[in-house]
Amino acid sequence: MDLFLYRLSSRTVHRGVALIDWRSGLLAYVEVDDAALEEFRKIVELCGGALEPRSLPCMTSLASRLKVKSVLYITDIYGIANSVAFEKKTARAPLLEKAWAYIDSLICGGGEMECGEDVVLSCCRQCDLVCLMAKVLGLAKVGVKVDLRGEIKRRLTG
């Protein structure tokens, strides 16, 4: 299993991010140490080994008890880009690039991380266990909520 790491103080921290719902732009970010990652590995095995509808209640219930840093970024990145493109009568793609660049500046400062397939960041590596944890905790709505919609809209309209 290939995990991407960086050092924070004296402990190893694994980072992952996943787009939970493209309609609302809910982006789940996690930082987890080795011990919590090993506990999550056991949870995944106990709950059936894969993120499937029938295993989701088991995973979310158990994973929500882990001691991890979890942030739920509310971005509405696609909705805002569509709205601004319509208002300005311009292409949506450059607006999405600009919005993802802003999110990149917030999240990618600590080095590489595992990213879900719909996440477009410069620091992304293939999704593995940490990314799966971000998906599970995001689906469970576990974490500090940070609403970025106003700032994204300001950056796209300014």
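Reader: Which side chain of opposite charge is nearest to Glu114, and how far away is it?

Author: Let me first say that this is a predicted model, in which local features need pLDDT of at least 70 and side-chain atom pairs count only at pLDDT 80 or more, while totals for chains, interfaces and linings use all residues. Residues are numbered from 1 along each chain as its sequence is written, and side-chain values use heavy atoms, with hydrogens and water left out. In charge terms, Lys and Arg count as positive and Asp and Glu as negative, whereas His and the chain ends are not counted. The nearest side chain of opposite charge to Glu114 is Arg41, 8.5 Å away, and Glu114 is buried without a salt bridge. Buried means under 20% relative accessible area, exposed means over 50%, and partly exposed is in between (1.4 Å probe, protein chains only). A salt bridge is a side-chain nitrogen of Lys or Arg within 4 Å of a carboxyl oxygen of Asp or Glu.

Reader: Which backbone nitrogens does the side chain of Glu114 reach?

Author: A polar contact is a pair of N or O atoms within 3.5 Å; within protein, one must be able to donate a hydrogen and the other to accept it, and residues adjacent in sequence count only if both atoms are side-chain atoms. The side chain of Glu114 reaches the backbone nitrogen of Val130 at 3.0 Å, and that of Cys131 at 2.9 Å. Glu114 itself lies in strand E5; helices (H or I, at least four residues) and strands (E, at least two) are DSSP runs, numbered from the N terminus.

Reader: How many salt bridges does a search of the whole structure find?

Author: Side chains of opposite charge can pair when their charged atoms come close. The search of the whole structure finds 10 salt bridges. One of them joins the side chains of Glu117 and Lys135, at 3.6 Å from N to O. Glu117 lies in the loop between E5 and strand E6 (124-125) and Lys135 in helix H5 (residues 129-139), so this pair ties together parts that are 18 residues apart in sequence. Glu117 counts as exposed, at 62% relative accessibility.

Reader: Which residues are linked in a network of salt bridges?

Author: Glu151, Arg154 and Arg155 are linked in such a network. Arg154 and Glu151 meet at 2.6 Å, N to O, and, being 3 residues apart in helix H6, they are separated by about one helical turn. Glu151 also forms a salt bridge with Arg155, with the closest N and O atoms 2.7 Å apart. Glu151 counts as partly exposed at 23% relative accessibility, as does Arg155 at 36%, and Arg154 is partly exposed with a relative accessible area of 49%.

Reader: Which residues of the largest nonpolar core touch the most other members?

Author: A nonpolar core is a set of buried Ala, Val, Leu, Ile, Met, Phe, Trp, Tyr and Cys residues joined through side-chain atoms within 4.5 Å. Of the 29 residues in the largest one, Val17, Leu27, Ile103, Ile107, Val119 and Leu121 touch the most other members. The largest share of this core, 7 residues, comes from H4. Apart from this core lies another, of 24 residues, among them Phe40, Cys47, Leu129 and Val136.

Reader: What is Ile20 in contact with, leaving aside its neighbours within four places in sequence?

Author: Contact means heavy atoms within 4.5 Å. With those neighbours left aside, Ile20 is in contact with Leu26, Ala28, Ala134, Lys135, Gly138 and Leu139.
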